Amino acid sequence: MVTPEDDLVAGHLSLSAEEPHGVHRASQAHAHDAHVHSLVLADAEKTMTTYVLELGIASHSIIIGLTLGAARDEFRTLFIALCFHQFFEGLALSTVVMDAELSKRAVAIGMVIFYSFTTPIGIALGIGIN
């Protein structure tokens, strides 16, 4: 029998000796009596996570654009590196957007279009500052 002390050593929080993983029982990561440790987000949490990720990546892309727009001698090297970087970043973001199963397809398309314009906006700002 597993004691509460054994659970604490194993990194689990116990509510009782009869149910060593009682704290997990209320978690969405558990389906009925299955014992699975995973991150399962509700639809609202996925949507909010997607919006926060979009905002973070958009901010990051504007800063990258600023750097590219202000670059002089290192422009060609930086441009090639950023093309690869932005491509894979866009793939990752689109995967998260599609996984979020947003209620309206227009919202997902709008997020992709918004991301597509962030680096060019940053480049224009960088050229303007330079």
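**Entry 1: cover of α3.** I began with what lies over the buried residues of α3, and the cover includes α4 (75-99) and α5 (105-129). I then listed the buried residues themselves: Thr50, Glu54, Ile57, Ala58, Ser61, Ile64, Gly65, Leu68 and Gly69. I note that Glu54 is among them. All of this is read from a predicted model.

**Entry 2: length of α3.** I checked the span next. Helix α3 covers residues 43-70, which makes 28 residues. From first C-alpha to last I get 41 Å, close to the 40 Å expected at 1.5 Å a residue.

**Entry 3: overall layout.** I counted elements. The protein has five helices and zero strands. Read from the N terminus, the order is α-α-α-α-α. For contacts with a separation of 6 or more, 54% come from residues 24 or more positions apart. The accessible surface is about 9,000 Å², and carbon and sulfur atoms hold 68% of that.

**Entry 4: aromatic pairs.** How many aromatic pairs does a search of the whole structure find? I found two. In one, the ring centres of Phe75 and Phe79 are 5.8 Å apart and the planes stand at 15°, so I log this pair as stacked. The angle is what decides it, because planes under 30 degrees apart count as stacked. Both residues sit in helix α4, four residues apart, so about one helical turn separates them. Phe75 is partly exposed at 37% relative accessible area. Phe79 is also partly exposed, at 40%.

The other pair is Phe87 with Phe88. Their centres lie 5.0 Å apart and their planes at 75°, so I log this pair as edge-to-face. Here the planes are over 60 degrees apart, hence the label. Is Phe88 buried or exposed? I have Phe88 as exposed, with a relative accessible area of 51%. The cut-off for exposed is over 50%.

**Entry 5: confidence.** I left pLDDT for the end. The protein averages 76, and 68% of the residues score at least 70.

Note on methods:
Residues are numbered from 1 along each chain as its sequence is written. This is a predicted model: local features need pLDDT of at least 70, side-chain atom pairs count only at pLDDT 80 or more; totals for chains, interfaces and linings use all residues. Side-chain values use heavy atoms; hydrogens and water are left out. Helices (H or I, at least four residues) and strands (E, at least two) are DSSP runs, numbered from the N terminus. The expected span of a helix is 1.5 Å times one less than its number of residues. Buried means under 20% relative accessible area, exposed over 50%, partly exposed in between (1.4 Å probe, protein chains only). Contact means heavy atoms within 4.5 Å. Rings of Phe, Tyr and Trp (its six-membered ring) pair if their centres lie within 6.5 Å; planes under 30 degrees apart count as stacked, over 60 as edge-to-face and the rest as tilted. pLDDT is the predictor's confidence in each residue, from 0 to 100. Accessible areas come from the Shrake-Rupley method with a 1.4 Å probe; for residues, only the protein chains shown count as cover.
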